[in-house]
Amino acid sequence: MSTRISPDESAIAVNCRSLRNFSVSQKALAAPTVKLWIDGKEVESKTKEWIDLTNPATNEVIGRIPKATQEEMHRAADSCAKAYEDLKKYSPLSRQQWMFNLQHLIKRDIKKIAANITEEQGKTLPDAEGDVSRGLQVVEHACSVPSLMLGETLPNVSRDMDTLSYRVPLGVTAGICPFNFPAMIPLWMFPMAVATGNTMLLKPSEQDPGATMMLVKLAQEAGFPDGTVNVIHGQHDAVNFICDNPHIRAISFVGADTAGRHIYQRGAQHGKRVQSNMGAKNHGVIMPDCNKEQTINQLVAAGFGAAGQRCMALTTAILVGEAKNWLPEIAEKAKNLKVNAGTKPDTDIGPLISKGAKQRVIDLIATAKKEGATVPLDGTNVTVPGYESGNFIGATILAGVKPNMTCYKEEIFGPVLCVMFAEDINEAIHIINSNPYGNGTAIFTNDGVLARKFTNEIEAGQIGINVPIPVPLPMFSFTGNKASFHGDLNFYGKAGVQFYTQWKTVTQFWNSSKYVDSKPQTAFPQIK
Ligand code: NAD
């Protein structure tokens, strides 16, 4: 986590610390402030509580993020409620046009957004562009909203009577985002919410809000009316505000387990619909008959890409039978990955998001050693010339990992691959199904019968066959399950449309004959 000090605390720090710290604190105070976004305008917060925004490659303070005041949060939610009334006059076809425009504008600005992501989040520039592109695909999916929202009709359910069922928006919705995909996750949320006729109050991660701010400005340029998407910043108070605010009808959350379970419960207590995508432990099963070279490349890329800070990272490899002998080759490939700042060309592994995240990963590796894992590759002592203060860890492999070890029970969220061994496919399936998480899994094999057995018996919600990170495109839904998801309706795809809408069913009777009942019929009508 980044160092979090309010301006008042900084002032104390200025008085008490050494000259070097003095200049750091002054620098922090001089850093530009991140604004709120309310009613189509940037708003400077009047808060006294600020969070430092740091560059993970250097740990320099590059901005200050306000913890929005209660008054500001109410203003943002009220603005969403007012905008919702206004939004009712726009047809799905108008909203579709906004999505077409947004798609074009995101493509125009993709490099700028990616550069911001690399600065605030740390991932490499090509990976940051991928972050935006995967979100862009949801905008493209949202362009089909008139078809996606089609209802159902059954004419003549009785004499002169028809029934029509159609989807209507919920009203004000909210989105709470994690740090690891600063563009993709907000884009999972607000385009689908607005395309289906809702407004949205967004709370980006307090660790990298820049991409969200750029996206909502593009939304305004695309034609979204003012107040359709508002942005507040903060931590627990902002989250609890969203859970409790009576305007808000539904909450989309993506992040770690503690917050996700809390938001699911607190939101539901207030009668809100909640979809909560949480933590993960994704296993790749390596069968000895697979295409070895291709599989090792895929495994190393999916385990260490984005410094392991992906909810679908392949963090645990299960080497089955003879495949256990491939460990040295896996370690060799992983050792060659280049650790450097995300802005540098050819970087494979950028920094972790914060000093706290780095320390947590180092501690988990140390605990794994104590608990009996071997470490064929240890990246904890990596130094990056020119970026000595960054939050870097090199590719690390923990081998002989057992289900009772802390490194297996916890989501590491760093460039660390846990390696387990299994005698056969049944043992591998047993290990995976015994794990509480169910985000994703993959099998690498050339045996179709075995792959079918795996897909039939495995419980995880997203399965790859020779595909290491099987995140479905947005015409499908993101279907993590078990402890990785709370809720009934997943993000994007058909379920995404259902999440942001509710059914309205109309039964209509237009009497075409002169016949009128002679007296009231008190019994339920019967089908004859
Ligand atoms: P996080 O839970 O720390 O933060 C997510 C959001 O919740 C932030 O906006 C934060 O301000 C807020 N928050 C954090 N702690 C809170 C608390 N105790 N109470 C209320 N609100 C709180 O998550 P993160 O570290 O930003 O993101 C990484 C996590 O997100 C990982 O666990 C990863 O697996 C998960 N993730 C899941 C998916 C998925 O689709 N399943 C996708 C991306 C990330």
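Where is D447 found? D447 lies in the loop between β18 (441-444) and α16. The legends below describe a predicted model, in which local features need pLDDT of at least 70, side-chain atom pairs count only at pLDDT 80 or more, and totals for chains, interfaces and linings use all residues. Residues are numbered from 1 along each chain as its sequence is written, and side-chain values use heavy atoms, with hydrogens and water left out.

**View 1**
Helices (H or I, at least four residues) and strands (E, at least two) are DSSP runs, numbered from the N terminus. D447 is partly exposed, with a relative accessible area of 31%. Here buried means under 20% relative accessible area, exposed over 50%, and partly exposed in between (1.4 Å probe, protein chains only). From D447 to S158 the C-alpha distance is 55 Å, and the two residues are 289 apart in sequence.

**View 1. Helices α15 and α16.**
Helix α15 covers residues 425-434 and helix α16 residues 448-457. Their axes come within 11 Å and cross at roughly 25°. That makes α15 roughly parallel to α16. Axes are lines fitted to C-alpha atoms, for helices over the stretch in contact, and angles run from 0 to 180 degrees between N-to-C directions. Angles under 35 degrees count as roughly parallel, over 145 as roughly antiparallel, 65 to 115 as roughly perpendicular and the rest as oblique. The crossing of α15 and α16 is right-handed. A crossing is right-handed if the near helix is turned clockwise from the far one by less than a right angle, and left-handed if anticlockwise. From α15, residues I425, N426, I429, I432 and N433 meet L450, K453, F454 and E457 of α16. Contact means heavy atoms within 4.5 Å. By class, the contact of α15 with α16 has five nonpolar, two polar and two charged residues. Ala, Val, Leu, Ile, Met, Phe, Trp, Tyr, Cys and Pro count as nonpolar, Asp, Glu, Lys and Arg as charged, and the others, Gly among them, as polar.

**View 2. Helices α4 and α5.**
α4 and helix α5 (residues 125-142) pack at an angle of about 160°, with axes 8 Å apart. That makes α4 roughly antiparallel to α5. The crossing of α4 and α5 is right-handed. On α4, the contact residues include M99, L102, Q103, I106 and I110. On α5, they include L125, A128, V132, L136 and V139. By class, the contact of α4 with α5 has 14 nonpolar, three polar and five charged residues.

**View 3. Helices α5 and α7.**
The axes of α5 and α7 come within 8 Å and cross at roughly 10°. That makes α5 roughly parallel to α7. D131, V132, R134, G135, L136, V138, V139, H141 and A142 of α5 make the contact with M184, L187, W188, P191, M192 and A195 of α7. The residues in the contact of α5 with α7 divide into 11 nonpolar, two polar and two charged.

At 1.5 Å a residue, the 13 residues of helix α8 (residues 210-222) should span 18 Å; the end C-alpha atoms of α8 are 19 Å apart, which agrees. The expected span is 1.5 Å times one less than the number of residues. The buried residues of α8 are G210, A211, T212, M213, L215, V216, L218, A219 and A222. These buried residues pack against β1 (36-38), α4 (92-121), α7 (184-195), β8 (199-203) and β9 (229-231). Just after α8, G223 takes a positive phi of about 115°.

**View 4. Helix α3.**
The 18 residues of helix α3 (residues 70-87) should span 26 Å at 1.5 Å a residue; the end C-alpha atoms of α3 are 25 Å apart, which agrees. Buried residues of α3 include E72, M73, A76, C80, Y84 and L87.

**View 5. Strand residue V43.**
V43 sits in strand β2 (residues 41-43). V43 is buried, with a relative accessible area of 14%. Not counting residues up to four places away in sequence, V43 touches K35, L36, I38 and R75. The C-alpha atoms of V43 and T380 are separated by 42 Å, and the two residues are 337 apart along the chain.

N156 has a positive phi of about 60° although it is not a glycine. N156 belongs to strand β5 (residues 152-158). At 59% relative accessibility, N156 counts as exposed. Y492, also a residue other than glycine, has a positive phi near 45°. Y492 lies in the loop between β21 (485-486) and α17 (493-499). At 3% relative accessibility, Y492 counts as buried.
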